[in-house]
Amino acid sequence: MNLAVIFAGGVGKRMNNNSRPKQFLELNGKPIIIYTLELFDAHPQIDGIIVACVEGWIPFLERYIRQFGLTKVVGIVPGGASGQASIYNGLCEAERYAAGHEDDTIVLIHDGVRPLINEQTITDNIAKARRSGSCITCIPAIETFVVNMPDGTHSIPAREDSLIARAPQTFRLTDILTAHRKAIGEGHNDFIDSCTMMHHYGYDLTMTIGPSENIKITTPSDFFVFRAMIAAKENEIIFGI
């Protein structure tokens, strides 16, 4: 079984929008979260989708799911106080849904505000996670990183050896739940993302290169990029350009 766990439990303070969480901002009458969900809903290898959503907005999400005809959303749970907590809530729902098949279940963990991935990225994540137990979607670094070292010095990794982790980040369900439960037991609640957590607990990570436009819509400028990318895709479909 292949399940997508979409976390959309934040309110998006950096978007400078007080009327609604950023994942519910609309473009052409469609919320960002629906653009994201449609990608997984349409993929033939995805068996179900679980969404961790801002609790007060769950009724709105349910209405949008009906409006846009999504058929694979099998669970909606409240988000948590952090991205880590929202993901854990979604994973627990995935565990309930996959009861009896946990050992054979792959989960693709994805931000609700990353609506610009493609079908091939999802396919690659599933295939690599099936083979090796994990798959982290990355893009090549196009700028130089400077790393602050504990002793006050700096390290500059070679750019050609550097990747930027994005999403989806895909794992065996049993592995990622084990890592989350270790973190909870240790009171460690500030992992920035799933691959950081899995690396911390000693799991080997496999990478795949995803599309460069796979941005996280966090600020108003990100939304403008999203709008331009959607317009470009529509022009390609309509005009063949």
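Strand 1 (residues 2–8) and strand 4 (residues 48–53) run parallel and are joined by 6 bridges, strands being DSSP runs of E with at least two residues, and helices DSSP runs of H or I with at least four, each numbered from the N terminus. Within this pairing, I6 stands opposite V51 in strand 4. The model is a predicted one, in which local features need pLDDT of at least 70 and side-chain atom pairs count only at pLDDT 80 or more, whereas totals for chains, interfaces and linings use all residues. Residues are numbered from 1 along each chain as its sequence is written, and side-chain values use heavy atoms, with hydrogens and water left out.

An open sheet of 7 strands shows mixed pairing and the order 5-4-1-6-10-7-11, two strands being taken as paired if DSSP finds at least two bridges between them. Strand 5 (73–78) and strand 11 (207–209) each have a single partner strand and stand at the edges, so one side of each is left without a neighbour in the sheet. On average, neighbouring strands of this sheet are turned by 25° against each other, direction ignored.

Helix 5 (residues 173–185) lies across strand 6 and strand 10 (163–172), at about 110° to strand 10; axes are lines fitted to C-alpha atoms, for helices over the stretch in contact, and angles run from 0 to 180 degrees between N-to-C directions.

Definitions and conventions:
Contact means heavy atoms within 4.5 Å.
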